Amino acid sequence: MSTTFTLDTATSRAHPVPEPVRRLTVPAIQKRKAGKGGGEPVVMLTAYTARMAQLLDPHCDLLLVGDSLGQVIYGLDTTVKVSLEMMIAHGAAVVRGSYRSVVVIDLPFGTYEDSPEAAFRTAARVLRETGAAAVKLEGGAVMAPTVRFLAERGIPVMAHVGLTPQAVNALGGYGARGRSEAEQAKILNDAKAVADAGCFALVVEGVVEPLAVAITEAVSCPTIGIGASAACDGQVLVVDDMLGMFERVPRFVERFDDLAARISAAAAEYAGRVRRREFPTEAQLYR
Ligand code: KIV
């Protein structure tokens, strides 16, 4: 088999083939914990489609097929409504579109919480049908037995504590967590419990900054912050947020572009040219 990869545009615009690269591994990510011989910050972005995965992959260590796709792609009001079929379809697309990053797929609400065995069945299906390397689940101490059960059976688990969006109905909103000492102690305990149970990395979302620092110091796996702290071992953002696709910009987001405005301008330009019969031009016609 040839080892020379070229850009193959013959079949479809969706299949550029890159130079050969080796995909990062879960153990390689684990070694990136600051102070453990590693320490290079871990870069993670969400991705939901093959083409976006192709564009992000060279720049990231991890691509997260987050259940935020419910809001970002499907216009749902919460992630609670996301199905396993959605996660598997988008997860497989992101694996097809990536070559270097470790792909992690969110287990959707209602598919893993009731028992470690149920979580194993869901996670095994996700890995089998997508080719991803790991799953992510939300929850702290209460999910620690499940994290251990999966990890001991060969399923790498990324845990997620602090603001856990699947629990929005119980939390009452998306406000930052850890504003009281009691809540800080609970979230710290949650983080230690899932880390001791064997999660390979830990998303810390929407917590007051000193708590994110304390969690990062307390656990032996890399922490990946979102609305947390620059002291976390890595960072994640929802890709559409950082590209400027939405008008609403939460405090923890920095817009690295203004794609919504640029898409709107391109669509307006196209519409104008079609209406003036200026498109297509000779260059786009078959003679
Ligand atoms: O669903 C998601 O995109 C996430 C990230 C925000 C961490 O869980």
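1. The model is a predicted one, in which local features need pLDDT of at least 70 and side-chain atom pairs count only at pLDDT 80 or more, while totals for chains, interfaces and linings use all residues. Residues are numbered from 1 along each chain as its sequence is written, and side-chain values use heavy atoms, with hydrogens and water left out.

2. The protein has 11 helices and eight strands, these being DSSP runs numbered from the N terminus (helices are H or I, at least four residues; strands are E, at least two).

3. For 287 residues, a compact globule would have a radius of gyration near 19 Å, and the 21 Å of the protein agrees with this; the radius is taken over C-alpha atoms, and the globule rule is 2.2 Å times the number of residues to the power 0.38. Of the 287 residues, 47% count as buried, meaning under 20% relative accessible area with a 1.4 Å probe, protein chains only.

4. Helix H8 (residues 181-196) and helix H9 (residues 209-218) pack at an angle of about 30 degrees, with axes 10 Å apart, where axes are lines fitted to C-alpha atoms over the stretch in contact, and angles run from 0 to 180 degrees between N-to-C directions. The two helices, H8 and H9, are therefore roughly parallel to each other, a term for angles under 35 degrees.

5. The contact (heavy atoms within 4.5 Å) is made by Gln184, Ile187, Leu188, Ala191 and Lys192 of H8, together with Leu211, Ala214, Ile215 and Ala218 of H9.

How values were computed. Parallel < 35°, antiparallel > 145°, perpendicular 65-115°, else oblique. Buried < 20%, exposed > 50% of the residue type's maximum accessible area, 1.4 Å probe, protein only.
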